[in-house]
Each structure stands twice: as C-alpha cells, then as structure tokens.
Amino acid sequence: MESTTGFTVAAYTATFIILGFYTWRVNRLLARARSQSGLR
Amino acid sequence: MAQGQRIERLGWLAGWLAVPALGFGVYLSIFWAPEDFMMGNVQRIMYVHFPSWIATAISYLTAFVCSIAYLIKRRPTMDYLAHAGVSVGVLFNTTGLLTGSIWGRPTWGVWWTWDARLTTTALMLVIFLGYLAVRSFLEDPEARARIAALVATIGFFTLPIVYQSVKWWRTLHQPQSSPNTVDPDMVVALRVMFVAFALLAAYLISRRYALARVEGERERAELQAEA
Amino acid sequence: MTRADWRRTWAIAWKDLLTEQRAKTAFNAMIFFAALTLFTFGFALGPDASGAGEAGGLLRHVAPGLIWVAILFSGVLAVDRSFQLEAERGGLEGLRLYPGDRKAIYFGKLIANLIVLFALEIVLIPVAGILYSIDIWPRLAGVAAVIAAGTIGFAAMGTYYAALTVNLRARQVLLPLLLFPVLIPVVIAAVKGMSLALNGDVMGEFGSWMRLLGAADVLFLTICALTFEFVLED
C-alpha cells in the first residue's frame, strides 16, 4: 500500500495554502481599495 | 450603512475566533483523533473535506438569500453580500473537491467518481463560476446586480433536482457510501473543524463584502461624476 | 395571464417564426451543424463501433447520449438567436414596451423556440437512425415522448438564459456555460428515457424517468415564468 500519509499531507497543505492565499489576497485588495478611496 | 459596519464587525469577531478554533481543530484532527481502523491516516482528510462542504453551504446559502433579497428590495448591500457569498463559496467548493479527489485516490484508486454528491458539487462550482463570469462582463451596476442575482437564484434552485437525478442515475451502479464516523473522538474533532471552518467562512465573507462595498461605492461615485 | 396576454403570446411566437422562416439560412446552418456533430461522433468512436457484430453495438448503445449532445449543441444556437433580433435593435427595449403580463413574452419566445427545436429534431432523429443503425420507426411513440419532454425542459431554461445574457459581450460562451449545468437533470432523464425506449425496458423504469422529466419541466417552466419580469427590466 502506497504511503497514505503523503496524501493526507498533500490534502491539508493544499487546503490551507489555498485558504491562506485567499485570505491574504482579499485583505490586500481591501486595504489597497480603501487607501485609494481615502476611507478609514 | 450601519448594516455594513455590523457585518464587518461580526466578521472581525469571527476571524479572531477562527484562528484558535482552526489551530485546535487541526491539532485534534492530526494528533488527537484516533487512526481509522480500515483506512489509516488517509481518513484524516475528512477533517478538512467535510468542513469545506459546511463552509461551501453557508456561503452559497448566504448568496442565495441575499440574491433574492436584492431582487425584492434592491439594496446594494445585498448585492455586495451575495457576491461575497459566491466568491467564498467557490473557494471552499474548490478545497472540498480537491480534498475529495485526493482522498479518493488511495481509497478507491481513482481521482474522480461520478457519485451523486461529487458530481453535484462539481456542477455547483461551474454554476457559480458562471455567476462570477457574468458579473465580470457587465458594467452597469444595477443590471449586473440584477442579472447576477437571477443566475444565483435559478442556479441554486436547480441544485436539488440535479442532485436527485444524478443519484437515480448512479444508484443503478453503486450505492452511496458514507464513511462511518462511529468513533466519538472523531466526531469531536470533526465538530471542532466544522465550527472553525464556519467561522473562517463568515470572516472571509465579511472581508469580501467589505471589498465589494468599497469598489461599489467608488464605482457609483465615478458614474455620478460622469453624469 | 389574461386571454389578451395569451393572444400576445401567440402573436410573438408567430412573428418570430415568420422571421425565422424568411431567413432560412440560420435554420439550415443549425441542421447542418447538428448532422455534422452526429457524423463526427461516428468517426470519433472508431471504425469498429459502427460495424455489425460485437463492437458495432457501441455506437448503437451510446446513440441516445450522442443524439442529445447534438440536440444541446445545435439547440443552443437556436435559442441564442431567439432574442438577437431585438438585441440588434438596441437591447430588449421593444419588448419592455409591450403591454400586459411579461410572462406572455416568455411563453411566446418559448413556443417559437420549441417549434424550431422540434423542426431540428424531426430531421436529426432519422439521420441518427441511419448513421447509427437504429430502427426507430417501431419505437417511435416512446422516442417522440422523450424528445417532446426533453425539448420542453431545454427550451424553458434556454429561452430564459438567452434573454438573461442578451446584452453580454461573451454571450455565445456564457450561454452554454450557464445553461448546461442546470439542464443536467433533463439530459440524464432524456438520455435514459430514450435508451429505454430504443433498447427495451426490462425493469419498467421508463415511467419513472418520464416522471422525473415531467417534474423538471414543470419546475423549470414555473420558476422561469415567475421571474421573467426581472429579466426584462431596464
């Protein structure tokens, strides 16, 4: 049986990379949009 | 606009709660929960797979409700929130499909099966990617909000029919399988991850909503300046 | 919907069909495209699939699916055109000025689309029968029932989405992208139904699949008609 732990690591890593990237990107776009509009 | 601030404040709260919840949940999932007797460590993928679906459902449901609310009341807040719901929904839809596929490979030997749930969720992704595509091609804010709301509403409505028909289509071939989470410790870890992902979804929706609102207000100001 | 509304429905359908009939080129192109699709499938599935004997059964076996894919692809062209005349004259302005219930416009366009699609299928089915060596004639009733029910579902959603996307720049890509996922129940049931109608129904499932098709049709028609006024708004 192939190393099943590898699949688990892949799944968790991929998930959190994707979630992390989205979190980072949405916050960055928001900060930039706000500074452009002069809000807050 | 007070409603917008309330959404953003709740979002911040959800975000701050999400971090420890996720940390605790991942710890439980990877180290604390027992290993599955039959599947081994691969089964731990379920602690990110099923919570992804919870987050997907929350997000799309938000989009659906807000789309209908927009069609009735025409308040821009509802459009921004619907957009945020779809965006975050697509995100978790993707992680759900990805983890499902990765889980399936060592378990069933294939990257994909045509089982009803998997197929329906893949179709959900297509429907809501279509929503985002339609938005990107419309410049008039009101037309965009209205047409997007209709795409979301109709698309969401057809999901139960899609699911049922795929299920009937498939049950001739194989029964649907659910992993048995009989072990109570597994249930604990799963529940913590459900909460953590739900909180993360709420936080991300609030941030995406805030972005949509800033962009929407700027767009409106620009259009008024042109007029 | 009052009687006046129904009169408007038929007026719209009649006008659209007359226009379509006068400019036969578009319809001919659609038929040609559909036939070509069926033809290409024959090549794509390999020479053995078409012959007699064991391997020859493949084409006959998958024929219902191929037929419905051909209907979908060429049908999208048909449905796409149904609001193009108005779009070329500057969006749905003209339609918005119509008095009365908006549903009349939806049903009018729907009926016109249905007739065009049926005309398409009347040519398509015999061609498929010839190309895939299927004897359709003795089983015509079942096949016709499936075609009718499936086409209604397709036209119901197709007409709606065509109106929804009429002003979008990338309409010809977006229309199928939006339409096909929601049509999956219709495709599943129609292919299954046609397969049972052509190949025999050992377990008596035909009725269940037709009921699914019928339910989908009713649901689609209802939700599309009820929300059509939102589609037409400015």
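Guide: C:Ser133 counts as partly exposed, because 15 C-beta neighbours lie inside 10 Å of this residue. The structure is a predicted model, and every value given here is computed from it.

C:Ser133 sits in the loop of chain C that runs between α7 and α8 (140-164). The backbone there deserves attention: phi of C:Ser133 is near 55°, a positive value in a residue other than glycine. Most residues other than glycine have a negative phi.

A counterpart for comparison is found in chain B. B:Arg74, likewise not a glycine, has a positive phi, near 60°. B:Arg74 belongs to the loop between α2 (46-73) and α3 (76-108) of chain B. With 13 other C-beta atoms within 10 Å, B:Arg74 is partly exposed.

The crossing of α1(C) past α7(C) is right-handed. From α1(C), the contact draws on C:Asp5, C:Trp6, C:Arg8, C:Thr9, C:Ile12, C:Ala13, C:Asp16, C:Leu17 and C:Glu20. From α7(C), the residues involved include C:Phe107, C:Lys109, C:Ile111, C:Ile115 and C:Val116. Sorted by class, this contact of α1(C) with α7(C) holds 11 nonpolar, two polar and five charged residues.

Chain C also meets chain B, in a contact that takes 22 residues from chain B and 22 residues from chain C. On the side of chain B that touches chain C, α4 (116-136) and α5 (141-171) of chain B each supply at least two residues. The largest share of that side, 13 residues, comes from α5(B). By class, the side of chain B that touches chain C comprises 17 nonpolar, four polar and one charged residues.

Chain A, by contrast, does not touch chain C, and the nearest C-alpha atoms of the two chains are 25 Å apart. Two pairs of chains are in contact, and chains A and B share the most contacts. Chain A contains one helix and zero strands; of its 40 residues, 20% are buried.

That helix takes part in a packing with chain B: the axes of helix α1 (residues 4-37) of chain A and helix α6 (residues 184-226) of chain B come within 9 Å and cross at roughly 30°. This angle makes α1(A) roughly parallel to α6(B). The crossing of α1(A) and α6(B) is left-handed. In α1(A), the residues that meet α6(B) include A:Leu19, A:Tyr22, A:Val26, A:Leu30 and A:Arg34. Among those of α6(B) are B:Leu200, B:Leu204, B:Arg207, B:Val214 and B:Glu215. The contact of α1(A) with α6(B) divides into 11 nonpolar, three polar and five charged residues.

Conventions:
Residues are numbered from 1 along each chain as its sequence is written. Chains are lettered from A and ligands numbered from 1 in the order in which they are written. This is a predicted model: local features need pLDDT of at least 70, side-chain atom pairs count only at pLDDT 80 or more; totals for chains, interfaces and linings use all residues. A crossing is left-handed if the near helix is turned anticlockwise from the far one by less than a right angle, and right-handed if clockwise. Helices (H or I, at least four residues) and strands (E, at least two) are DSSP runs, numbered from the N terminus. Two residues are in contact if their C-beta atoms, placed from the backbone, lie within 7 Å. Ala, Val, Leu, Ile, Met, Phe, Trp, Tyr, Cys and Pro count as nonpolar, Asp, Glu, Lys and Arg as charged, and the others, Gly among them, as polar. Axes are lines fitted to C-alpha atoms, for helices over the stretch in contact, and angles run from 0 to 180 degrees between N-to-C directions. Angles under 35 degrees count as roughly parallel, over 145 as roughly antiparallel, 65 to 115 as roughly perpendicular and the rest as oblique. A residue is buried if 20 or more other C-beta atoms lie within 10 Å of its own, exposed if 12 or fewer, and partly exposed in between; C-beta atoms are placed from the backbone.
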